[in-house]
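Q: Could you walk me through this model, starting with whichever helix you find worth a look?

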Amino acid sequence: MYHMIIDKCVLEGLSEVDVVSTNVARIQSLAMCHELLGEHSICSLNNGVFLSYVIDCCYNYKVKNIFIEDATDLIEQSIFCYIGHPGTGSKRTKKNRVEHSASHTRLTLEIALKIYKFYCPDEMFDPMEKTKHISADTFELLTQTVGLFEEDITKTDLFVMIKLSMEQGKIPSYKGLEEAADRKNFKDIYYLCGDYLWKYGEFLQASDWFVCDLAINPDRIQSWLCLGLCWLSIAE
């Protein structure tokens, strides 16, 4: 149905951005398909191939800034059915998501990247704006994603060196870690987790996340600032 609507647009020479009714129909067609499959708890069959398709389609609308609200609702419902995020105890889940009793798919880097792109802000949060940060559910998801990376940055010599230098009140000069294939598309993940913990006053934990970020993003001013402020808070 979704592709029939797209083909109709192409044949009639209609613009995806300009034709409001067509874009609404696309989102609604995906939502109806999901609802129908969800009623029978089969929306996540075959490792969630349908849900993965829905997420990809809706993400394109997010990128193009078209019908963000409708696309956002559908993509969040799909993520919930896909991997159970956010968890059933979340206030957000109780308010906005429908329980389809679908079998969740194991989190992989491929799935995590789709979800990361959706939840990751276009610009990093200002460390001084304490009310702006990722949600607790998203923080949990990102920490699970980091656990999928082959290299544990906290076990590297560079992590130890940066941390030791900061403890001594020095700013080291160094070359960041080489870009690993499995984390090259997650360049902001450590900063987002550190920012979340920093804004909730978990300074010791936050400092490790900022050190990890600096190990791969040595020029990120926000991480240097937050790391320094974390150490000041810990020392007080």
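A: Helix 10 is largely enclosed by the rest of the structure, because 10 of its 14 residues are buried (buried means under 20% relative accessible area with a 1.4 Å probe, protein chains only). This is a predicted model, in which local features need pLDDT of at least 70 and side-chain atom pairs count only at pLDDT 80 or more, while totals for chains, interfaces and linings use all residues. Residues are numbered from 1 along each chain as its sequence is written, and side-chain values use heavy atoms, with hydrogens and water left out.

Q: Which residues of helix 10 are buried?
A: They are A206, S207, W209, F210, V211, C212, D213, L214, A215 and I216.

Q: And what covers the buried residues of helix 10?
A: The cover includes helix 7 (136-146), helix 8 (157-167), helix 9 (189-199) and helix 11 (221-235), where contact means heavy atoms within 4.5 Å.

Q: Switching to helix 8, is S165 buried or exposed?
A: S165, which lies in helix 8, counts as buried because its relative accessibility is 11%.

Q: What does S165 touch, leaving out residues up to four places away in sequence?
A: S165 touches K170 and P172.

Q: Stepping back, how many helices and strands are in the protein?
A: There are 11 helices and 0 strands, taken as DSSP runs numbered from the N terminus (helices are H or I with at least four residues, strands are E with at least two). Of the 236 residues of the protein, 46% count as buried.

Terms used:
Buried < 20%, exposed > 50% of the residue type's maximum accessible area, 1.4 Å probe, protein only.
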